[in-house]
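Hi,

Here's the structure I said I'd pass on.

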Amino acid sequence: MTFQKRNLPNILTVSRIFAVLIFVAIASVAHIDVISDKSWIFGLRISAVILALLAGLTDLLDGYLARRYHWVSDFGALMDPLADKIFVTGTMLMAVEYRIIPAWIAIAVLFREFMVTGLRTLAAKKQVVISADRWGKLKTALQMTMLGLAGIAWAIDGGTKYLRYESWLGIRLWYVWLAFMIGIVFITLFSGLGYFIRYRKLFLNAD
């Protein structure tokens, strides 16, 4: 029983990876060009969004369990960040495909994610642990909010009509959404730069 409990964070991590794969599969077919029945399309989109939200929650839960009960393993240390990157990459690419998030925003976010992952890999080789700081945590919270809102807009009508043509107080919603995403990109890149400045000795003195 103890062994099973200690492996719960790892099970959640692996389930997150499979959940993202299933989400991408569902999101790929939940399109009018594939299925003509709009009721089926809406149901598939809702299912995909719920699955993505559950996958995001597993990230919070496995991290909490690992910290709370010290259920830390080499597998978890390797796979948890990888699962996070798979989640962000999969959801953002689907949002780009449905024109909810511009490609350049996705590229900027993913650029930061993989650069910091590389830095953490280098740090691990030197037995240095890079923990998420407050800017990194804020970045994650804002990214999850952005992806959640994108998922809701996509579930409503595919995201194109509602986000691009609806207006709030005379302001087209797309411009509000774009400003929000640009703010997230700024915080994302700023938080990543902070890691490279703080841990610059890792690569400036690299062998």
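Predicted model: local features only at pLDDT ≥ 70, side-chain atom pairs only at ≥ 80, totals over all residues.

**Salt bridges**

Side chains of opposite charge can pair when their charged atoms come close. How many salt bridges are there here? The count comes to 5.

Let's begin with Asp 84 and Arg 16, whose side chains meet at 3.0 Å, N to O. Asp 84 belongs to helix α4 (residues 74-97) and Arg 16 to helix α2 (residues 8-29), so this bridge ties together parts that are 68 residues apart in sequence. Are these two buried or exposed? Both Asp 84 and Arg 16 are buried.

Next comes Lys 139, which forms a salt bridge with Glu 113, again with 3.0 Å between the closest N and O atoms. Which parts does that pair connect? Lys 139 is in helix α6 (residues 134-157) and Glu 113 is in helix α5 (residues 103-125), so parts 26 residues apart in sequence are tied together. Lys 139 is buried, because its relative accessible area is 7% and buried means under 20%. Glu 113 is buried too, with a value of 4%.

Then there's Arg 198 with Asp 133, where the closest N and O atoms are 3.0 Å apart. Arg 198 lies in helix α8, while Asp 133 sits in the loop between α5 and α6, so the pair ties together parts that are 65 residues apart in sequence. Arg 198 counts as partly exposed at 46% relative accessibility, whereas Asp 133 counts as buried at 16%.

If you go back to Lys 139 and Glu 113, you'll find that they belong to a network: salt bridges with shared partners join them with Lys 85 and Arg 112.

**Aromatic rings**

A pair of aromatic rings is described by the distance of the centres and the angle of the planes. The structure holds 5 aromatic pairs. In one of them, Trp 177 and Phe 180 are tilted, with 6.0 Å from centre to centre and 35° between the planes. Where do these two sit along the chain? They are 3 residues apart in helix α8 (residues 173-198), so about one helical turn separates them. Trp 177 counts as buried at 6% relative accessibility, but Phe 180 counts as partly exposed at 27%.

Another tilted pair is made by Phe 196 and Phe 203, at 5.8 Å centre to centre and 55° between the planes. Phe 203 counts as partly exposed, with 34% relative accessibility.

Which rings make up a cluster? Ring pairs link Trp 135, Phe 186 and Phe 190 into one.

There's also a contact between a charge and a ring. The charged end of Arg 120 sits over the ring of Tyr 195, 5.3 Å from its centre.

**A patch on the surface**

Last, take a look at the surface, where Phe 42, Ile 46, Ile 50, Leu 54, Leu 57 and Leu 60 form a nonpolar patch. How much accessible area do they have together? It comes to about 560 Å². One of these residues, Leu 57, lies in helix α3 (residues 38-69).

Cheers

Note on methods:
Residues numbered from 1 in each chain as written. Heavy atoms only, no water. Phe/Tyr/Trp six-rings, centres within 6.5 Å; stacked < 30°, edge-to-face > 60°. Helix = DSSP H or I, 4+ residues; strand = E, 2+ residues; numbered from the N terminus. Buried < 20%, exposed > 50% of the residue type's maximum accessible area, 1.4 Å probe, protein only. Lys NZ or Arg CZ within 6 Å of the ring centre and 35° of its normal. Salt bridge = Lys/Arg side-chain N within 4 Å of Asp/Glu carboxyl O. Patch = residues over 30% accessible without salt bridge, like charges linked within 9 Å, V, L, I, M, F, W, Y side chains within 5 Å. Areas by Shrake-Rupley, 256 points an atom, 1.4 Å probe, with all protein chains shown as cover.
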